[in-house]
Amino acid sequence: MSIAEKLTTIAENEQRVYEAGKQEEYDRFWDGYQENGDRRNYAYAFSRRGWTDKTYKPKYPVIATGSAAEMYRESRMTNLVGVDTSGATSVYVAFYNTQLEAIDKLDFSKATNTQNAFAHSVGLHTIGELVSSETTVWHTTTFDNTAKLTNLTITGTIATNFKCSIATLTHDSLMSIIYALKDFSAEGGTHTCTIGTTNLAKLTDTEKAIATQKGWTLN
Amino acid sequence: MEKKTIELIKLTASEGMTLTNGETYGKEVYLGCNDSPDNWREIPEEDVPKEEPPEVEEK
């Protein structure tokens with residue numbers, strides 16, 4: 001091969017070599033960071049401003065069990081997809097003060113600490129599905145100052161006092177909350193679901209009665 | 001045909017007042033079937049505790 005031919009081959013391969021190097025670097029980082037896919041403790045894992053749409057490219061599924069506290073706190077991604085929190089017992093401050101606008105689905109079935117989970121994520125517009133269970137413990141601050149929250153679909157069961165009084169919530173979002181409220185009519189006790197005056201006005205009396213007949217006081 | 005009458009008990013705070021059961025606060029309250037108006041009282045708006053800043057540790 002002549003020198004000219006060699007130079008031509010090198011030039012042709014330059015991009016491929018560059019890409020291979022990039023891939024190797026990506027693999028090296030994420031294999032280590034996600035323990036070749038075995039990592040389950042994601043507390044603090046993607047916290048702070050260094051995590052952006054450009055840098056957050058997990059190689060393996062993100063499956064958090066146990067404490068997911070502060071998992072994405074103050075991160076700067078705008079969209080979150082496919083995060084498995086179904087085994088997380090704490091989501092304390094997990095999505096606090098982020099720049100997230102949309103999250104496709106989160107499962108808080110096992111979460112007993114939801115304090116400030118989404119608080120101050122002021123751009124958060126949509127949580128496609130938020131799974132609750134009879135053991136999920138909701139906190140009055142879970143949705144604090146999520147001022148743009150519009151679409152929130154709760155599935156499963158809400159069995160502790162619940163507060164989400166963000167005025168931008170859609171009627172469908174509010175109904176998903178109403179339908180998820182556990183039926184305490186036979187058990188007794190008082191339970192409160194706080195959605196605020198603006199949201200109360202979006203519901204008909206019949207829709208409000210779905211909640212009140214299940215033993216929930218709406219305010 | 002089934003005919004059902006649904007009772008909805010609504011409490012509305014007076015001007016300048018807020019309703020509370022000691023835990024939550026609101027201008028309008030629709031009582032759950034196990035709740036009672038006796039559990040609620042009016043307090044002046046200025047007595048409603050301010051939202052506390054989030055109990056979040058700074059990092």
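Exposed, as I use the word, means over 50% relative accessible area, and buried means under 20%. Keep in mind that this is a predicted model.

I'll start with the salt bridge between Glu187(A) and Lys182(A), where N and O are 3.2 Å apart. Glu187(A) has a relative accessible area of 56%, so it is exposed. Lys182(A) comes out at 18% and is therefore buried.

Over all chains, the structure holds 15 salt bridges. Another one joins the side chains of Arg49(A) and Glu74(A), at 3.5 Å from N to O. Arg49(A) sits in the loop between helix H1 and strand S1 of chain A, and Glu74(A) in the loop between S1 and strand S2, 25 residues apart. Arg49(A) is partly exposed at 47%, while Glu74(A) is buried at 5%.

In chain B, Lys27(B) and Glu45(B) form a salt bridge at 2.2 Å, N to O. Lys27(B) lies in the loop between strands S3 and S4, and Glu45(B) in the segment after strand S5, so the pair ties together parts 18 residues apart in sequence. Both partners are partly exposed: Lys27(B) has 31% relative accessibility, and Glu45(B) has 36%.

Last, Thr136(A), in the loop between strands S5 and S6 of chain A. Its relative accessibility is 0%, so Thr136(A) counts as buried. What does the side chain of Thr136(A) reach at 2.8 Å? The backbone nitrogen of Ser133(A). A polar atom of that Thr136(A) side chain also lies 2.7 Å from the backbone oxygen of Phe108(A). Beyond four places in sequence, the contacts of Thr136(A) include Ser109(A), Ala111(A) and Thr160(A).

Definitions and conventions
Residues are numbered from 1 along each chain as its sequence is written. Chains are lettered from A and ligands numbered from 1 in the order in which they are written. This is a predicted model: local features need pLDDT of at least 70, side-chain atom pairs count only at pLDDT 80 or more; totals for chains, interfaces and linings use all residues. Side-chain values use heavy atoms; hydrogens and water are left out. Helices (H or I, at least four residues) and strands (E, at least two) are DSSP runs, numbered from the N terminus. Buried means under 20% relative accessible area, exposed over 50%, partly exposed in between (1.4 Å probe, protein chains only). A polar contact is a pair of N or O atoms within 3.5 Å; within protein, one must be able to donate a hydrogen and the other to accept it, and residues adjacent in sequence count only if both atoms are side-chain atoms. Contact means heavy atoms within 4.5 Å. A salt bridge is a side-chain nitrogen of Lys or Arg within 4 Å of a carboxyl oxygen of Asp or Glu.
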